[in-house]
Amino acid sequence: MCGIFGYIGRRSDAAGLVVEGLKNLEYRGYDSWGTAWKTEKGISVRKDIGKISSVKSADFTDETSIAIAHTRWATHGGVTKQNAHPHLSCDENIAVVHNGIVENYDALRNELKAKGHRFLSQTDTEIIPHLIEEEMKSTKDFAAAVRSACQRLKGRFGILAMHAASQTLVAARAGSPLIVGVQKGKTKTSPVEGYYIASDIPAFLEHTRTVQYLDDGEMVVTDGKSILFSDIVSGRERPKREVEISWSMEQAVKGQYEHFMLKEIMDQKESVARAVNQDEEQIKTLAKAIREAQGTFIVGCGTAGKACMAAEYFFSVIAQHHVNFAPASEFKLHHHFLKPESLLIVVSQSGETADVLEAMHIAKSKGAKVLAVVNVEGSTISREADYTLRINAGPERAVASTKALTGQLAVFLLIAYALAGKLQDGKTLLLETAAEINDMLNPRYVERIRSLAENIKTARDVFIIGKSWNYPMALESAIKIQEVSYVHAEGFAGGELKHGPIALIEEGTPCIALVGKDEVMDDIISNTIELKARGAQIIGISPVKHDVFDEWIKVPNAGNAQALVNIIPVQVLAYFLAVTRGKNPDMPRNLAKSVTVK
Ligand code: F6R
């Protein structure tokens, strides 16, 4: 969940370069930061607690062509300068940054301590440079020592390592993503200018869009002019393709917006249409695979999980086809029902979520096929799946997922329509909805929701209700409000209120009703009336006005795509609730964008 970035090549400002790139990864984990670079005298290190955004890359004036950097999301050991990466060996010649968790660190630490190694932090990571140092006593070769050290690590890791006496950068991966960015040279004599190695593409997107992916169990050694991929255990070379990615730097920056979250909410003016723009034959093939599978399961975490839950309704209502939803972290308990003829659909924005990967591995071990619906190009989940559908949302940087969700919903609606043999109807509906979202997100509309946020900013609780596909959207609304504004929010199926939750309603409690002009409209309005009778302040998000609403946020009448439009005003409300309460919505406390630990 931490961010890793390293550079080796012809540039002589590597230290400043990795610090700058690291700022693009800050959303991954941000309690502390650190960097190490090679100089003639040895390895220099700077690290501290706090945000990398306030560090000036111009302050790194040493000439150097090899540097590594890290933003930390604490797992082992508190948020202190000592615990920030990079960590060093006893002789201070080896520096390592690490993403993941070394599960056997305690045993290794005791073993290394007995051999005289001194530890300065409480982290699991610190054992890695010491282990490499120990291995170097027998091999002398840095890359070989990293290889042997990695073979002793249990758990998940992505590491970057450098040595004061070696003109190389070494990286290894087991469970935590690492991507190599290749900066091409302009002449035949120097075909490569340098290599960037990062846990996430935005770190180097401004320098190159040519990438090579490390797979689990692989390591790379590079001197900045060439690179060698190999298997960590056997040492055998692993040939790699270069891939051009489609993301642009413009998509990955805030532009005119104060926060990525608002920018990404507004991106939905275009991103929904991009999600709909799929290869029709592929959609039909996937619909066929779902129809023919003996049991289709659908899993994701958090917001992506809510898209899965909504998909369960889409498949049921539009195609009369049953799929089984489970949060990815609960899927383990359902594996008894998997057969080689079953299908698992996994949904993930990042394509790196540990619980989703585990669900995939369980399904594969049973011989079942896996369809992945992902956003991030080349992510582990997209590469390991049998079929992959990209939602084409572009980079999602804010921790709170917004445009990825609507992209996921759009893709599932499309598949549900294809399953019903009505793909063109689904496409038409979605493209009309995309155009209506474009109209809806106008400055007046956004301002109206901002002032509503101002009105309810002191509320202790917010409750959200919905029915049918608006029920998962009520759960998602609660996630959005909780994670960025820290207001207690809970979502319910409207019909469940009278079975308990209604006891929580007090005079003036803001309650949001997600309503569609559909067969369950009367039911959800009845539930809303029940809330109003207990004193709730009703905010109706609905295509039609109703007397029960104290505030009416109008949304387009989108029929079967109503979930997609109803969630957007709540995203805007959650954003302004955070801002008006003085919170930074892009960096919610305790959270990180990509959850690569279980
Ligand atoms: C909430 C949010 C998270 C993610 C969850 C899964 O706004 O973003 O709940 O949806 O961590 O992440 P991905 O989609 O990357 O698998």
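## Domains and cysteines

Across the interface of domain 1 and domain 2 there is one salt bridge, meaning a side-chain nitrogen of Lys or Arg within 4 Å of a carboxyl oxygen of Asp or Glu. Aspartate 215 and arginine 383 form a salt bridge through their side chains, at 2.5 Å from N to O. On the side of domain 1 that touches domain 2, nine residues are nonpolar, one is polar and six are charged. Here Ala, Val, Leu, Ile, Met, Phe, Trp, Tyr, Cys and Pro count as nonpolar, Asp, Glu, Lys and Arg as charged, and the others, Gly among them, as polar.

The model is predicted: local features need pLDDT of at least 70, side-chain atom pairs count only at pLDDT 80 or more, and totals for chains, interfaces and linings use all residues. Residues are numbered from 1 along each chain as its sequence is written, and side-chain values use heavy atoms, with hydrogens and water left out.

The chain divides into domain 1 (3-245), domain 2 (251-441) and domain 3 (443-598); the bounds come from an automatic or database domain assignment. The centres of domain 1 and domain 2, taken over C-alpha atoms, lie 33 Å apart.

Now the cysteines. The whole structure holds zero disulfides (pairs of cysteine sulfur atoms within 2.5 Å). Buried means under 20% relative accessible area, exposed over 50%, partly exposed in between (1.4 Å probe, protein chains only).

| Cysteine | Relative accessible area | Closest cysteine sulfur |
|---|---|---|
| cysteine 2 | 8%, buried | 17 Å, in cysteine 150 |
| cysteine 150 | 5%, buried | 17 Å, in cysteine 2 |

The sulfur of cysteine 2 is too far from that of cysteine 150 for a bond.
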